[in-house]
There are 2 protein chains.
Amino acid sequence: MLRDRRAEFEPVFYPKSIAVVGSFTTFAKGGYRFLRNLLNAGFRGQLYAVSASEDEAFGMRCYHSITEIPGPVDYVTVSVPARSVLALLDECAAKGVRAVQFFTAGFSESGKEEGRLLEAEMVKKARAGNFHIIGPNCIGVYTPSIRLTCGPSAFMGETGDISVASQSGGHVGQIIKGCIARNLGISKAVSFGNGIDLDSPDYLEFYGLDTETKAIGAYLEGVRDGRRFWNVLREVAAIKPVVILKGGKTVAGARAASSHTGSMAAAHAVWSTALKQAGALQVDNINDMVDILMTLRRVPPCPRGNVAIVSGLAAGGGGDSVAAADICLESGLTIPPFSAEVKEELQSFVTWPGAILHNPLDLSSLGGNMDNLTKGLNAVAAEPAVDTIILQAHADDICHGWSPEGLHRIASLAVSFAESKAKPVVVVLPPGLAESERLRAETRLYEAGLAVYPSIERAARALGLVSRFWARRG
Amino acid sequence: MLRDRRAEFEPVFYPKSIAVVGSFTTFAKGGYRFLRNLLNAGFRGQLYAVSASEDEAFGMRCYHSITEIPGPVDYVTVSVPARSVLALLDECAAKGVRAVQFFTAGFSESGKEEGRLLEAEMVKKARAGNFHIIGPNCIGVYTPSIRLTCGPSAFMGETGDISVASQSGGHVGQIIKGCIARNLGISKAVSFGNGIDLDSPDYLEFYGLDTETKAIGAYLEGVRDGRRFWNVLREVAAIKPVVILKGGKTVAGARAASSHTGSMAAAHAVWSTALKQAGALQVDNINDMVDILMTLRRVPPCPRGNVAIVSGLAAGGGGDSVAAADICLESGLTIPPFSAEVKEELQSFVTWPGAILHNPLDLSSLGGNMDNLTKGLNAVAAEPAVDTIILQAHADDICHGWSPEGLHRIASLAVSFAESKAKPVVVVLPPGLAESERLRAETRLYEAGLAVYPSIERAARALGLVSRFWARRG
């Protein structure tokens with residue numbers, strides 16, 4: 001049974017006041033970057049700077065200890081050397097702080113016994129002081145609704161319903177940036193490093209009952225309490241999709257993970273099987289993680305995995321059709337043939353040579369005739385065997401071979417078609433030689449809530465994985 | 001024994017005069033786009049427009065037949081309906097034309113007996129008239145040294161030593177654009193569609209002895225004369241690297257290929273084994289094709305496949321290190337541990353916490369300290385077990401967390417390091433939230449001749465495949 005931990009996590013993800021402890025003299029100091037980014041992001045709460053030896057930071061008064069701060073402090077973010085963390089935790093306890101996040105590194109991940117002992121002492125102090133520790137060796141929490149930015153990462157995006165937990169700060173940053181680039185809102189995210197107090201099962205358990213979270217992404221290098229992790233994961237995955245990237249699959253990766261977050265990686269085959277049994281979606285890299293989260297939130301469930309592919313929007317699309325067919329099939333999708341009615345409808349207006357009126361459909365629409373593209377999409381949408389339409393376009397071919405305006409007309413067509421709800425549509429729009437126009441078109445598609453992929457491989461992999469997920473769900 | 005076909009292919013790839021046959025009234029007409037693009041590209045030869053019913057095209061006189069043209073005509077590009085091609089070939093024979101390329105489609109790929117018979121007649125006329133046919137159902141030839149652009153694709157890049165043959169026009173365009181984006185020069189490329197006269201073994205045979213060709217890329221959907229194809233491929237692959245992408249691997253892909261270029265696809269497992277035995281490099285998609293060609297031309301052979309990974313150039317790189325370790329090992333690369341000397345050297349200046357001084361090396365260089373980055377690279381370069389260094393950087397983290405200037409300093413550092421020839425270096429620079437700065441930095445790296453990849457997955461896959469290729473070469 002999942003425990004309802006929402007009250008307990010309130011100060012972790014929604015602190016009303018934050019104290020930044022560290023040094024603020026130069027960019028190279030963690031404290032400088034944490035405070036600067038919170039100020040730049042416009043954190044919606046009270047901010048305090050704390051340094052034993054400095055009096056001022058970014059025009060703010062610098063307190064010499066946490067206990068000196070006049071008002072209450074919910075959350076403390078710490079960038080001080082590891083040797084001074086225990087004294088700092090005593091101050092936090094005295095002040096009644098609720099959550100302490102450590103950017104500070106140099107604990108168990110150093111491989112030294114001393115680091116492990118220090119972590120044990122820290123946890124004891126947290127338990128006694130009735131507060132939580134985030135990390136150490138992490139960049140902390142990202143909650144866009146209160147403009148709480150994640151440590152040294154200055155990014156701030158829209159609020160949404162995806163929540164993320166990651167042992168790696170770099171990876172949580174990449175997931176956040178990947179979501180921002182796609183206009184995909186995040187509810188909350190945390191990088192928890194060594195996870196000595198709050199660990200992956202804790203964050204998962206909280207996200208499981210958090211009504212603002214509809215899908216979960218997690219990057220893990222290892223778990224401390226395996227039994228608890230798997231129990232929690234199974235229960236959460238039964239309620240909402242959980243996408244997991246496991247780092248440290250190989251011997252070299254596991255060695256790196258041990259130095260990174262002090263994690264002991266188990267054999268990957270064991271992990272992989274267990275993740276499947278627990279009902280989680282397993283991905284292989286950060287790009288897949290973001291693709292899958294986007295697909296879960298933006299593409300209606302299609303457990304059959306039946307896709308139609310439409311290519312050749314402004315030039316020949318034969319090669320694209322062959323590639324898409326191969327890649328979709330290899331990704332576990334099905335490409336149902338069109339019925340006689342749909343073929344007849346297509347034949348009624350596709351009269352030019354070069355077009356291929358099967359599925360994949362290559363319209364080879366040389367002039368980028370918008371009426372015919374619309375008719376083509378509607379004909380395919382009328383095919384009952386098709387669940388999702390994949391539209392393939394090459395921005396540079398369209399911009400240079402036809403016109404930049406043509407690209408934006410095709411983007412508008414995709415948006416109108418998606419809004420018509422005739423059938424779910426996703427767009428493949430690879431990078432190339434017209435990046436500024438392509439990025440404009442992509443932004444328009446993302447803003448309209450479409451799923452856009454940079455290659456047919458990534459589209460097919462995401463749609464394949466997610467359709468199998470929905471199929472298992474029944 | 002490969003035949004020397006250089007004289008025979010001279011008018012195919014280096015025509016001195018081109019006649020464009022078609023209609024020039026609107027953009028939707030193939031003739032219009034072929035002629036416009038040749039004019040825009042600045043083709044270095046004589047251009048003629050030919051149309052039975054039009055008198056003028058883009059300010060040029062329009063001849064009503066090929067035989068009306070006053071000067072010699074080496075190459076004819078044709079965009080007329082399939083029904084009129086035989087009469088046109090008679091004109092070509094009468095004029096002494098050497099190569100005829102058909103954008104015209106509607107032949108064997110239509111699946112109709114009529115189309116197959118027409119193709120047989122065309123080949124007869126070519127043999128009798130002593131000229132070659134390129135296509136039909138293709139976009140023709142790209143030779144940047146004479147500014148001969150490939151049909152409706154308006155792109156024009158640098159001249160180099162990669163040559164490409166592709167049944168698909170869309171795919172040849174994507175390979176050309178991929179090379180242009182990477183500043184990777186192409187010697188020549190051809191899209192040959194149904195390949196009824198000149199077919200894949202012909203282009204391969206010519207490229208094999210062409211002194212301007214150092215690496216070959218080919219996209220194939222099927223071969224007519226399997227024995228000849230495999231014999232030629234084996235001989236060419238013994239002389240220079242041949243990278244092959246086979247379309248129509250799956251049932252759906254094969255069905256699409258048959259409608260696209262009339263190709264009959266053989267079982268993929270047979271192809272795959274035969275390609276390996278012939279000594280070719282097999283890739284799965286267009287991105288891989290371009291990555292592999294770039295790797296072959298830009299990264300010195302490292303048959304051991306021993307890489308060092310350097311992350312954390314301007315922030316923590318622990319997650320990147322774990323990911324790189326997993327992905328490189330899964331791609332068949334080796335990540336040798338650093339020797340005691342190299343570790344000692346690294347420890348002498350990496351004194352901050354968070355850094356991981358193994359291979360993968362996470363410098364976690366928070367301030368982006370350039371001196372320390374240089375020292376780090378040099379220390380790794382001194383490791384005899386390491387063949388190639390993979391530098392991982394996130395443009396958006398650097399630009400937003402440090403400064404855009406920092407990104408360009410890191411790019412300069414990579415260029416200087418590459419120029420020092422201490423050890424081959426490649427760069428992983430993923431897209432993100434600072435695209436204009438990232439593209440500037442990437443362009444700088446490409447212009448300096450470095451290999452740059454958009455993800456560690458693509459870098460590892462390319463380096464793994466190419467190192468195994470060199471290892472087999474012995």
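Two strands count as paired if DSSP finds at least two bridges between them. The model used in these exercises is predicted.

**Exercise 1. The sheet in chain A**

Task: Give the strand order of the open sheet of seven strands in chain A, and state which strands stand at its edges.

Solution: 
- The order in chain A runs S3-S4-S2-S1-S5-S6-S7, and the pairing is mixed.
- Strand S3 (56-57) and strand S7 (132-134) of chain A each have a single partner strand, so one side of each lacks a neighbour in the sheet and these two stand at the edges.
- S3(A) pairs with strand S4 (residues 60-63) of chain A over two bridges, in the antiparallel sense.
- Within this pair, A:Ala57 lies opposite A:Met60 of S4(A).

**Exercise 2. The relation between the copies**

Solution: 

**Exercise 3. The interface**

Task: Describe the side of chain B that touches chain A, by helices and by residue class.

Solution: 
- Contacts join 65 residues of chain B to 65 residues of chain A.
- Helices of chain B that each supply at least two residues to this side include H5 (169-181), H8 (251-261) and H11 (318-330).
- H11(B) gives the most, with 11 residues.
- By class, this side of chain B has 27 nonpolar, 27 polar and 11 charged residues.
- The copies meet through the same surface, because 100% of the interface residues of chain B are also interface residues in chain A.

Key. Residues numbered from 1 in each chain as written. Chains lettered and ligands numbered in written order. Predicted model: local features only at pLDDT ≥ 70, side-chain atom pairs only at ≥ 80, totals over all residues. Contact = placed C-beta atoms within 7 Å. Helix = DSSP H or I, 4+ residues; strand = E, 2+ residues; numbered from the N terminus. Nonpolar A, V, L, I, M, F, W, Y, C, P; charged D, E, K, R; others polar.
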